[in-house]
Amino acid sequence: MRRRHIDVTKHSTATPEAVFALLADGSTWPRWSPIEAFELERPGDPPPEGVGAIRAFRRGRTTGRDQIVELVPDRRLGYVSLSGLPVRDYRANVDLESDGDGTRIRWQASFAPKVPGTGWLLERGLRRFLCECAAGVAARAAS
């Protein structure tokens, strides 16, 4: 089954440190993203939300469970989806780069749909969601 790729870029007037602080703290996500609720299911290393942490994010009737697989302070947050989405092998990276007067936020994800023929629809919905997340964290970090 064909893998799908999403690549979203936003700019924030905040520093990479300010943007990363929000991304790395799941409890802030309901304040700046479409996520409605957050729960830390399992702490990671270093605690609380380091590599290995499992974070549950609820939106409507859907609860997505993600595991942090890569953390480079103030530069990158990498995670995989464990459950909640009708996809296989979902992997995303949020990369932060100093950009003159702020930060370039690049949110990339790839996945394979579980159900053949649904990839285009999932890609469209996930792209919209990741755009809202990137724009939200950019604005919140700058405020």
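How many bridges join strand β3 to strand β4? Six bridges link β3 (residues 54-59) and β4 (residues 62-72), and the two strands run antiparallel. R59 has T62 of β4 as its bridge partner.

This is a predicted model, in which local features need pLDDT of at least 70 and side-chain atom pairs count only at pLDDT 80 or more, while totals for chains, interfaces and linings use all residues. Residues are numbered from 1 along each chain as its sequence is written, and side-chain values use heavy atoms, with hydrogens and water left out.

**The sheet.** Seven strands form an open sheet in the order β1-β7-β6-β5-β4-β3-β2, with antiparallel pairing. At its edges are β1 (4-12) and β2 (37-42), each pairing on one side only. From one strand to the next, the twist averages 25 degrees. Strands (E, at least two residues) and helices (H or I, at least four) are DSSP runs numbered from the N terminus; two strands pair if DSSP finds at least two bridges between them.

**The helices.** Two helices lie across strands of the sheet, as tabulated. Angles run from 0 to 180 degrees between N-to-C directions, with axes fitted to C-alpha atoms, for helices over the stretch in contact (heavy atoms within 4.5 Å).

| Helix | Lies across | Angle |
|---|---|---|
| α1 (residues 16-24) | β1, β3, β4, β5, β6, β7 | about 155 degrees to β6 |
| α3 (residues 119-142) | β1, β3, β5, β6, β7 | about 20 degrees to β1 |

**Residue S12.** S12 is in strand β1. A polar atom of the S12 side chain lies 2.8 Å from the backbone oxygen of A138. Not counting residues up to four places away in sequence, S12 touches residues including V19, D101, I105 and A138.

Methods:
A polar contact is a pair of N or O atoms within 3.5 Å; within protein, one must be able to donate a hydrogen and the other to accept it, and residues adjacent in sequence count only if both atoms are side-chain atoms.
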